[in-house]
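I opened this model to look up strand pairing, ring pairs, cores and the disulfide. My entries follow in the order I made them.

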Amino acid sequence: MNSVLSGSCRVSSIALSAIVLLGAASGSATADDLRAVGGIEARPYPYRLLGLRPGDPVDDLAELFAERSETAPTQTERRLRIQSPQGKAFDLRYEATREIGDVGMQGRLANAPQDHITAFLATEAFGKRPLALFRVLKEPTEKAPEPAALKAQLEELYGQPSRAEMQGQSMTLIYAWGTDGFIADLDGQPVQTFVEDLGGNRTSERQFRTCAAGGPFDTSVEYAFKSPRRAEDEIMPGCIATYEITYQGGPEISTIKFALKDYDLARLHQAEVDRQIMEALSSPTSKSDMDL
């Protein structure tokens, strides 16, 4: 990974290539060819992080960041180049994350107090809307709420969690929302079996529950191009979103982490960006104007 420092904004780039098996002439396309689509439906779950949900307009995110930080947000950029065997290419460059409150490596090593908020963003195809929101809050233990008090606050907002684990000053709460609505008991769901074809009459079986971690499927909301996509590349099938809150108390500093991820929005975004890239790579190509 290459990094470029510019003022208070860190820009990172990753160069990836993929082979697309299409019959296309020579040429190239850019991220400017991604067209914004409308009709993004309101999210069905009630969960919010500081009043914001995945799918909200990016202007709402910018307003929240401006209210909570006098420092300009840090942005991380992704670059992908998708190359067809016939020489046509699609160059995708977009803002992947936006964050405020990062105390840096030295601050993390020193366990310094912080309020670090990160948004993982969609491409221009979805108007750069957030797909996931994360917050890491570290503050002196005497100022932090007790785990039971935080649990009571969340239950007043959202009801009983899908899973709750508490031990002393450690706590994990998970709210899970599936295609049929709220999942009341994350661990009590039926176990499903995913069978992967390994080729040569060989298969591999893995068990999973909807919205539960540790299954065979992709859990990242970040866009990555693949063609063809395998069944195990699907982003958390059957799961709309999860909201995970973890608490770790310490003698001096306590850490509370929030992670709100919208897998359904990530699947819709992935399908739309895939469609636009494949369309661009298969479209007629204008001849170059190189001095020959």
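Entry 1, strand pairing. I began with tyrosine 175, whose bridge partner in E14 is tyrosine 243. The model is predicted, so I took local features only at pLDDT of at least 70 and side-chain atom pairs only at pLDDT 80 or more, while totals for chains, interfaces and linings use all residues. Residues are numbered from 1 along each chain as its sequence is written, and side-chain values use heavy atoms, with hydrogens and water left out. Helices (H or I, at least four residues) and strands (E, at least two) are DSSP runs numbered from the N terminus; two strands pair if DSSP finds at least two bridges between them.

E10 and E14 run antiparallel and are joined by nine bridges. On to strand E15 (residues 253-262): eight bridges join E14 to E15, also antiparallel. Here tyrosine 247 has isoleucine 256 of E15 as its bridge partner. I noted a hairpin of E14 and E15, with four residues between them. Seven of the ten residues of E14 are buried, so this strand is largely enclosed by the rest of the structure. I use buried for under 20% relative accessible area, exposed for over 50% and partly exposed in between (1.4 Å probe, protein chains only).

I found ten aromatic pairs in the structure. Rings of Phe, Tyr and Trp (its six-membered ring) pair if their centres lie within 6.5 Å; planes under 30 degrees apart are stacked, over 60 edge-to-face, the rest tilted. Tyrosine 47 and tyrosine 158 have ring centres 5.2 Å apart and planes at 80°, so I logged the pair as edge-to-face. Tyrosine 47 lies in the loop between strand E4 (27-29) and helix H1 (58-68) and tyrosine 158 in helix H3 (residues 147-158), so the pair ties together parts that are 111 residues apart in sequence. Both tyrosine 47 and tyrosine 158 are buried.

The rings of tyrosine 158 and tyrosine 175 also pair: with centres 5.8 Å apart and planes at 75°, the pair is edge-to-face. Tyrosine 158 is in H3 and tyrosine 175 in strand E10 (residues 170-178), so this pair ties together parts 17 residues apart in sequence. Ring pairs link Tyr45, Tyr47, Tyr158, Tyr175, Trp177, Phe182 and Tyr243 into a cluster.

Which residues have the most contacts inside the largest nonpolar core? They are Phe90, Leu92 and Ile277, in a core of 32 residues. A nonpolar core is a set of buried Ala, Val, Leu, Ile, Met, Phe, Trp, Tyr and Cys residues joined through side-chain atoms within 4.5 Å. Elements giving two or more residues to this core include strand E6 (88-100) and helix H4 (263-281). H4 supplies the largest share, seven residues. Leaving aside neighbours within four places in sequence, I listed Ile82, Phe90, Tyr223 and Phe225 in contact (heavy atoms within 4.5 Å) with isoleucine 277. Apart from this core lies another, of 30 residues, among them Leu52, Leu61, Leu137 and Ile240.

The structure holds one disulfide, a pair of cysteine sulfur atoms within 2.5 Å. It joins cysteine 211 to cysteine 239, S to S 2.0 Å. The link of cysteine 211 and cysteine 239 is right-handed, with 105° about the S-S bond. Both cysteine 211 and cysteine 239 are buried.
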